[in-house]
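Please look over the sequence and structure below. A short briefing on two of its elements follows.

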Amino acid sequence: MTILTNPMSRALELARAAADAGEVPVGAVVVDPATGEIIGEGANAPVMAHDPTAHAEIIALRSAAAKLGNYRLTGLHLYVTLEPCAMCAGAISFARIGKLIFAASDPKGGAILHGPRFFGQQTCHWRPEVEQDEASDVEAGDLLREFFRTRRG
């Protein structure tokens, strides 16, 4: 059992590992807020897994659901280094995550504060509490900017 005092730091470690593997640096951790225990975690892996759905959030949710033997993750918290996209927002809603905490906002591909603002849609049946971890915003954003800067030359 792994217990964390700062789950976002673990998500950032996972994001760095994704970058080292050539993936967009995004990491995610599902935590039980009552105990601080990590229930599931994931790092971006669509290139390596040959799977367009292998986003960090999806991997973390799948890991947590498998560990608990239940696709409903009611009351758990999801920490992610980047504002989730529409696909991931949908999965977060279906999983019944209690609280979403993300670091960097994503004006181009995000779906929480930007784009479709998924949780504000009438068709969204479950809305987690949402918080932006502004203390980790710069570090997560720097990881992403550096990753893309090195690829664009």
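Which residue takes a positive phi in the hairpin of E1 and E2? Gly36 does, with a phi near 80 degrees, and the hairpin has six residues between the strands. This is a predicted model, in which local features need pLDDT of at least 70, side-chain atom pairs count only at pLDDT 80 or more, and totals for chains, interfaces and linings use all residues. Residues are numbered from 1 along each chain as its sequence is written, and side-chain values use heavy atoms, with hydrogens and water left out. Helices (H or I, at least four residues) and strands (E, at least two) are DSSP runs, numbered from the N terminus.

**Strand E1**
- Five of the five residues of E1 (residues 27-31) are buried, meaning under 20% relative accessible area with a 1.4 Å probe, protein chains only; exposed is over 50% and partly exposed lies in between.
- Gly27, Val29 and Val31 are buried on one side of E1, Ala28 and Val30 on the other.
- In a regular strand the side chains alternate between the two faces of the sheet.

**Pairing of E1** (at least two DSSP bridges between two strands)
- E2 (residues 38-43) runs antiparallel to E1 and is joined to it by five bridges; Gly27 has Ala43 as its bridge partner there.
- E3 (residues 77-82) is also antiparallel to E1, with four bridges, and its Val80 stands opposite Ala28.

**Helix H5**
- Buried residues of H5 (residues 134-152) include Ser136, Leu143 and Phe147.
- The buried residues of H5 fall within an arc of 155 degrees seen down the axis, so they line one face of the helix; the arc is taken from the directions from the helix axis to the C-beta atoms.
- Exposed residues on the other side include Glu134, Arg145 and Arg152.

Technical notes
The expected span of a helix is 1.5 Å times one less than its number of residues.
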